[in-house]
Amino acid sequence: MVFWLGILVGAVFAWFAVRIGFYGMWAMLFNIVISVYLAIYLQPVVVKVPGLGDTLYTNALAMMGTAIAIFLILHGISYTFLTGQLVPSFPKVFNTLGSGFLGFLAGFLVWSFVSLLVYVTPISQNAFIKSVGFGKFQKTSTCISRWCGLVNALSLQDRQYSAEETIGQLLKSVEERRQAEMAMRARAEEQIKRPEPEDVETEATKRKKPGPAPEIDFEDI
């Protein structure tokens, strides 16, 4: 269901893109792609920033904050020097279909990124969220991996890890953290259910306990 929700979000973005035109949507798609790319690759660095904390929400907060900050910076630069200064004219058919297609791509990418943020938080373990499909992150991760791989190819940089490997390492670390948290919670519950040591009566303590005092028959005295 997450995949089809991504299709719906893409359709909404496509409708919005037709209103702003091909040129403006192209600039917005570029800004979104770069923002998501840097949020993914800078995540291991950002999570180590002092004061950010070390919780199950740290990864999501780091990526979301990075993506929003970079998008706002890029959008401000593009509007100041490009979209706000020059508005080229395109044929109406090309402007409508082209902007709609770019808007759909941007919307599906944004939804994929949001799905990743939800998946790396404890919210994804909720029964209702799992029923919607957030418990698995295979289909939507392909969209992010392809866009990040395209940026790697165009930047001509020799990355140590591909986009698939980078996202895979993130998901693996999140899963290991979840299992560790579940194990700690299970041990804590066992300790709560286990009786206190002073309440446990062993065989050794039973033998050490003095027996009942002998009854004295005063008639025999």
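1. Aromatic rings of Phe, Tyr and Trp (its six-membered ring) are taken as a pair if their centres lie within 6.5 Å; planes under 30 degrees apart count as stacked, over 60 as edge-to-face and the rest as tilted. The structure is a predicted model, in which local features need pLDDT of at least 70 and side-chain atom pairs count only at pLDDT 80 or more, while totals for chains, interfaces and linings use all residues. Residues are numbered from 1 along each chain as its sequence is written, and side-chain values use heavy atoms, with hydrogens and water left out.

2. By the ring rule, the count comes to six aromatic pairs. One of them joins Phe 22 and Phe 90 in an edge-to-face arrangement, at 5.4 Å centre to centre and 70° between the planes. This pair links distant parts of the chain, 68 residues apart: Phe 22 belongs to helix H2 (residues 22–41), and Phe 90 to the loop between helix H4 (58–83) and helix H5 (92–119). Helices here (H or I, at least four residues) are DSSP runs, numbered from the N terminus. Ring pairs also bring in Phe 94, so that Phe 22, Phe 90 and Phe 94 are linked into a cluster.

3. Accessibility is classed as buried (under 20% relative accessible area), exposed (over 50%) or partly exposed (in between), using a 1.4 Å probe and protein chains only. Phe 22 is buried because its relative accessible area is 17%, whereas Phe 90 counts as partly exposed because its value is 33%.

4. A further pair, Tyr 37 and Tyr 41, is tilted, with 4.8 Å centre to centre and 40° between the planes. Both residues lie in helix H2, four residues apart, about one turn of the helix. An α-helix has 3.6 residues a turn, so residues three or four places apart point the same way. Tyr 37 is buried at 5% relative accessible area, and Tyr 41 is likewise buried at 15%.

5. Gly 98 lies in helix H5 and counts as buried, at 13% relative accessibility. Gly 98 touches Phe 22 and Val 93, not counting residues up to four places away in sequence; contact means heavy atoms within 4.5 Å. The C-alpha atoms of Gly 98 and Gly 21 are separated by 8.5 Å, although the two residues are 77 apart along the chain.

6. Helix H4 has 26 residues and reaches 35 Å from its first C-alpha to its last, close to the 38 Å expected (1.5 Å times one less than the number of residues). Its buried residues, among them Met 63 and Ile 70, pack against H2, helix H3 (43–46), H5 and helix H8 (163–193).

Conventions:
Helix = DSSP H or I, 4+ residues; strand = E, 2+ residues; numbered from the N terminus.
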